[in-house]
Amino acid sequence: MTMTTAAPRPGPQGGADARGRVAELHAIRARAAAGPGAQATAAQHAKGKLTARERIALLLDEGSFHEVGQLRRHRAAGFGLEAKRPYTDGVVTGWGTVEGRTVFVYAHDFRIFGGALGEAHAAKIHKIMDMAVAAGAPLVSLNDGAGARIQEGVCALAGYGGIFRRNTRASGVIPQISVMLGPCAGGAAYSPALTDFVFMVRGTAQMFITGPDVVRAVTGEEISHDALGGADVHAAASGVCHFAYDDEQSCLAEVRYLLSMLPQNNRHSPPRTPCTDPPARRGEALAGLVPADGSRPYDMAEVIAELVDDGDFLEVHEHWARNIICALARLDGQTVAVVANQPRHLAGVLDIAASEKAARFVQTCDAFNIPIVTLLDVPGFLPGVGQEHGGIIRHGAKLLYAYCNATVPRISLILRKAYGGAYIVMDSQSTGADLTYAWPANEIAVMGAEGAANVIFRRQIAEAADPEAMRARMVKEYKAELMHPYYAAERGLVDDVIDPAETREVLIASLAMLRTKHADLPSRKHGNPPQ
């Protein structure tokens, strides 16, 4: 049998066909990158918002973005969807770098279906989330979407379920950052709530489970979108938002700064940066910043600025629970977490909101190998019926649990007063702090001297000819006996009493020693922290 083969196509014709296919590919990619057109882009800009690709360009290092799934299109039918099948399906996904380190990102494109999530849209997000975990790199979501794509029904809802499950599995494994740049309503709001940090832009971003129309229909209350779920509401009232900014440019610049202070994943330490601030720099101003009188307020932020590299720190939840400060900073170039009572607000007491704020922060920093420095000046827990009925016991226990469960290096410093259960909760030596220091003006006690004298010497004061003079005498005696600066050090509850001016040097030397700390937790599936 004779076999014949087809003659090869002429070289020039085959080459032209290949070049035509390449040209077609470039045209399709250009169309996908351009989006739905200039009119939709202008409408986005008119709202004070950037497009998805403009946002990614601000977030990532120039020229580093590699897109995944650019040519993906939905396959849904009905309600006119079959006639509208834009490339990307309304979400841009991929990876790039921030200061040379890999970061994964997805960004809703509000110009396409209002950024609403459908089956293909969700599949792209699922893939990039899986890639981020597999590569061990942070994930940033740029949110600007109208929720589930109603035309796709339950398939859209199932897409959210896949996102939530991946958020949960990635929790404590890679840093997850949500950036809210537009609306986020209904079930979609739960994904940011599951991530480590939430950024919002004032005036354009809102988050709520039920919008103003539903609120009005059910309760009769009239409220605007911003007043219900705007950036300032979530930054100051609900605590959902960690950082709020006036524009997208400054917001995304701060996301880059936050990423520079975080590790790639839970197996790495945060990056160390060159430091020109001398480790042994003396803080002569510190003694003057903290009044000796325990009833006088001062700004703890000024103390932190005096201690950390170049006075620079990033405060988390700056506008919520302001009686406690949670911040990321650097000491000798190394990222550290600072938890500090703020005497300027509510005298620095611990209450429900402060306990929740600090507990979450301690837990996050422990997950990502960030050492914790705790600065104490705390008069106790806030008393009151509202606090007790609101569950201060279980909320305070969250902070206690977070500290006791943390295995990163932990250093506590008592600046002035540390009273009662709040002293124990704020990373005392008995709960596992590696090193505990105190300044010479420290007062560590079950309660303040006045309250203690009223309890212990109640009878003597009542029977005295001059009760006020007797009370003053008993207060002085109690302070001399149980609240002098070296009482706790003599009993091993404080490792050293230090000169405030030497605090920076002491902290840096202690952290250097603890850098190789290794601590094992008991074998268990997971803990059961108080809720």
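User: Relative accessible area under 20% means buried, over 50% exposed, and in between partly exposed (1.4 Å probe, protein chains only). What is the value for cysteine 404?
Analyst: Cysteine 404 has a relative accessible area of 42%, so this residue is partly exposed. The model is predicted, with local features needing pLDDT of at least 70 and side-chain atom pairs pLDDT 80 or more, while totals for chains, interfaces and linings use all residues. Residues are numbered from 1 along each chain as its sequence is written, and side-chain values use heavy atoms, without hydrogens or water.

User: And cysteine 326, buried or exposed?
Analyst: Cysteine 326 is buried, at 1%.

User: How many disulfides does the structure hold?
Analyst: The structure holds zero disulfides (cysteine sulfur pairs within 2.5 Å).

User: Changing topic: how much space lies in the largest pocket?
Analyst: About 1400 Å³ lies there, counted as probe spheres set on the points. A pocket is an open set of 1 Å grid points fitting a 1.4 Å probe, with protein on both sides within 12 Å along at least five of seven lines; lining residues have an atom within 4 Å of a point.

User: Which residues lie nearest its centre?
Analyst: Ser171, Ala359, Arg360, Gln363 and Thr364 do, among 44 lining residues.

User: What about the second largest pocket: what is its volume?
Analyst: Its volume is about 330 Å³. Of its 14 lining residues, Ser269, Asn369, Pro409, Arg515 and Lys517 lie nearest the centre.
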